[in-house]
Amino acid sequence: MQAGLYLSGPVLGTGRHHVPCRAPQQQPHFVAEALPARNAGPASTSEPCWLQGRTPVHGRRRQSLQRILRRAVEEQQIAAAGMPASNGVHHPQQHSQTPHSLSQELSEDVAYDGIIAEVPPKPSSLYVRAVDGVDVDIEPSTIVALLGPSGSGKTTLLRLVAGLEMPTAGKILFDDFDATNTPVQDRQIGFVFQNYALFNHKTVAENIRFGLEVRKLKIDHNQRVNDLLELVQLEGLGDRFPKQLSGGQRQRVALARSLASNPKLLLLDEPFGALDAVVRKTLRAGLKEIVRSVGVTTIIVTHDQEEAFDLADKVVIFNRGRIEQQGSPEDIIKKPRTPFIMKFVGDTNIVPATSQLLRKANFTTHKPWAMFRPSNMQLSSTLCDASAPAQVSERHNLGWIIKYHLKFDDEVEIMYNVTRDQDEKQYNLHVGQRVYVRLPASALMGFELHEIESAPITS
């Protein structure tokens, strides 16, 4: 039985939040500091007070940082295999539940109530709210894509779901089970990191088998590994090491490992980010087929719109820690609810609200700017009452796409893209040619510049 997901919470304030100076609860804060030498002689009186009695710091600091980095990589690898990291996520004293398996509590739905995550950008009393209240309903056995610009809160939400981060407010519910403080290993979640987090000293088969062995699942481990290798089309490669595989093959090993222990949820953080476009497209189709065949509820974080719309049954678009819109890919493309969504998804032209084109379209707005999609334009060689005259100022050959720059009599410029076949049969315009542009008022959306901002909140 697969789990669904439901995130619910109030709309919360954004920006930096002043709190009493305290150690952050989400992640341990490591400080690499030089220590006094064990056999240090008398300090020179010419040295500053903060250097007296200390040895040169660079070597020690470098070694300390290397140990921290190695530990972070090890914890990521263990978390990817579905086991607890050593970063203090598991706090038994916080649980009132009896120590039985969470799988006995789960049924169809998962809920997240009032989630807030405040992440410190540096050691200080200033915190940034990375997730600012969410409300998402994810049906069992579906694929949901979290889409948005960098710093919008996608990965933070994914880590909250996985238990790798702890919310500073709100609840995380799997069905009616409060999983807010449930440790990583009891959430029955598979996680595929962007860098795959494979054990380089283990073979492909040993990587996949790792979670099974540590969890001590009472199944035939070898048979399970062979079934997963067949599922991800890596038969015969079980004895190889990760460094002997291509990037696409390593990605499939990470996916197989995450599926080894039959997770309730599968979480993928930019799984194709390190691959080239051709390999990404091929693996995308393979991932969709694998997830459908297994039937596991899947959440994927991505910056790639094509990837999100191709893979997902539902797309959730984040901006500045909030959800701007969620729905089917078709609804988001055809019915954008906010100026940010319209600007973020697909191509748009932006023009002043007083432009000649908008006057001809009989579009009025109290906002200073308006946008529309180039696909909603109609070009003609003859003038009519509802069309605005323009001149072709530039023509760019982009392979299968021809991009035209059109300049109106009021000096406003827009872009218009057509396929090569369409251009040869219908347009074939040249620079300096006069054309007439018609645009329906229903295709326009007025906005102010702050409504399309996507920079992360830093103040």
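1. Leu255 is buried, at 1% relative accessibility. Buried means under 20% relative accessible area, exposed means over 50%, and partly exposed lies in between (1.4 Å probe, protein chains only). Leu255 sits in helix H5, residues 247–259. Helices here are DSSP runs of H or I with at least four residues, strands are runs of E with at least two, and both are numbered from the N terminus. The C-alpha atoms of Leu255 and Tyr196 are 8.5 Å apart, although 59 residues separate the two along the chain.

2. A word on the basis. This is a predicted model, in which local features need pLDDT of at least 70 and side-chain atom pairs count only at pLDDT 80 or more, while totals for chains, interfaces and linings use all residues. Residues are numbered from 1 along each chain as its sequence is written, and side-chain values use heavy atoms, with hydrogens and water left out.

3. Ser387 is also worth a look. Ser387 belongs to strand S17, residues 387–397. With 2% relative accessibility, Ser387 is buried. Its side chain reaches the backbone oxygen of Cys384 at 2.9 Å. A polar contact is a pair of N or O atoms within 3.5 Å; within protein, one must be able to donate a hydrogen and the other to accept it, and residues adjacent in sequence count only if both atoms are side-chain atoms.

4. Next, the salt bridges. The whole structure holds eleven of them. The term means a side-chain nitrogen of Lys or Arg within 4 Å of a carboxyl oxygen of Asp or Glu. One of them joins Arg284 to Glu306, with the closest N and O atoms 3.0 Å apart. This pair links distant parts of the chain: Arg284 is in helix H6 (residues 277–294), Glu306 is in helix H7 (residues 305–311), and the two are 22 residues apart. Arg284 counts as buried because its relative accessibility is 5%.

5. Which salt bridge partner does Lys334 have? It is Glu330, at 3.2 Å from N to O. Both residues lie in helix H8 (residues 329–334), four residues apart, which is about one turn of the helix. Lys334 is exposed at 62% relative accessible area. Glu330 is partly exposed at 49%.

6. Helix H11 (residues 420–427) holds both Lys425 and Asp421, four residues apart, about one turn of the helix. Their side chains meet in a salt bridge of 3.4 Å, N to O. Lys425 is exposed, with 70% relative accessible area. Asp421 is partly exposed, with 44%. Elsewhere, salt bridges that share partners join Arg284, Glu306 and Asp310 into one network.

7. Now the surface patches. Patches are made of residues with over 30% relative accessible area and no salt bridge; like charges are joined within 9 Å, and nonpolar side chains (Val, Leu, Ile, Met, Phe, Trp, Tyr) within 5 Å. Asp220, Asp227, Glu230 and Glu235 form a negative patch. Asp and Glu count as negative, Lys and Arg as positive, and His and the chain ends are not counted. A charge is placed at NZ of Lys, CZ of Arg, CG of Asp or CD of Glu. Glu230 lies in helix H4, residues 221–231, and is exposed at 51% relative accessible area.

8. Leu398, Trp400 and Ile401 make up a nonpolar surface patch, with about 370 Å² of accessible area together. Accessible areas come from the Shrake-Rupley method with a 1.4 Å probe; for residues, only the protein chains shown count as cover. Ile401 is in strand S18, residues 401–408. Ile401 is partly exposed, at 32% relative accessibility.
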